[in-house]
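Subject: Structure for your review

Dear colleague,

Please find below the structure that I am handing over to you. I would be grateful if you could read the notes after it alongside the coordinates.

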Amino acid sequence: MARAGKVKIDRERCKGCALCSAFCPKKIIKPSGDVNSFGYHPAEVRDLKNCTGCGICALVCPDVAIIITRKEEAA
Ligand code: SF4
Ligand code: SF4
């Protein structure tokens with residue numbers, strides 16, 4: 001069974017610190033070109049199909065801006 005994840009980033013909570021980008025083992029989180037209402041570039045997931053749902057991004061986010069849901073998939 002392979003694991004897959006769904007990542008939801010609250011763009012208004014995000015301060016664009018890029019910790020999630022640095023720690024994602026798949027390197028699929030990048031700063032958005034948009035700005036939120038605080039003037040930060042919120043993180044976004046660029047390649048969700050490669051997300052394993054490991055939860056590291058949510059763990060390291062100092063602003064609790066990331067919510068992960070996981071599902072098991074047949075390999
Ligand atoms: S759950 Fe894991 S693989 Fe998916 S975006 Fe977060 S750190 Fe990357
Ligand atoms: S770690 Fe949290 S606050 Fe920092 S860029 Fe990622 S989602 Fe935004």
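Residues are numbered from 1 along each chain as its sequence is written, while chains are lettered from A and ligands numbered from 1 in the order in which they are written. This is a predicted model, in which local features need pLDDT of at least 70 and side-chain atom pairs count only at pLDDT 80 or more, whereas totals for chains, interfaces and linings use all residues.

Overall fold

The protein chain contains 2 helices and 4 strands; these are DSSP runs numbered from the N terminus, with helices being H or I of at least four residues and strands being E of at least two. Read from the N terminus, the order of elements is β-α-β-β-α-β. The radius of gyration of the protein chain is 12 Å, close to the 11 Å that the globule rule gives for 75 residues, so the chain is as compact as a globular protein of that length. The radius is taken over C-alpha atoms, and the rule is 2.2 Å times the number of residues to the power 0.38. The C-alpha trace spans about 40 × 20 × 20 Å along its principal axes.

Among contacts with a separation of 6 or more, 68% are between residues 24 or more positions apart; two residues are in contact if their C-beta atoms, placed from the backbone, lie within 7 Å.

Burial and the nonpolar core

Of the 75 residues, 17% count as buried. A residue is buried if 20 or more other C-beta atoms, placed from the backbone, lie within 10 Å of its own, exposed if 12 or fewer, and partly exposed in between.

The largest nonpolar core has 13 residues, and V7, I9, C20, I29, C57 and I66 have the most contacts inside it. Such a core is a set of buried Ala, Val, Leu, Ile, Met, Phe, Trp, Tyr and Cys residues joined through C-beta atoms within 7 Å. Strand 1 and strand 3 (43-45) each give two or more residues to this core. Leaving out residues up to four places away in sequence, I9 touches C14, P42, A43, E44, A65 and I66.

Ligand shells

Ligand 1 has 16 residues around it, of which C24, C51, C54, I56 and C57 come nearest; a residue is near a molecule if its C-beta atom, placed from the backbone, lies within 6 Å of it. Strand 1 (2-9) and helix 2 (56-60) each supply at least two residues of this shell. By class, the shell around ligand 1 has 11 nonpolar, 4 polar and 1 charged. Here Ala, Val, Leu, Ile, Met, Phe, Trp, Tyr, Cys and Pro count as nonpolar, Asp, Glu, Lys and Arg as charged, and the others, Gly among them, as polar.

Ligand 2 is surrounded by 14 residues, the closest being C14, C17, L19, C20 and C61. Its shell divides into 11 nonpolar, 1 polar and 2 charged residues.

Loop residues

P62 is found in the loop between helix 2 and strand 4 (66-73). P62 is exposed, with 9 other C-beta atoms within 10 Å, and its contacts beyond four places in sequence are with C17 and L19.

V64 lies in the loop between helix 2 and strand 4, and its phi is near 50 degrees, a positive value in a residue other than glycine. K27, in the loop between helix 1 (19-23) and strand 2 (29-31), has a positive phi near 55 degrees. Most residues other than glycine have a negative phi.

Yours sincerely
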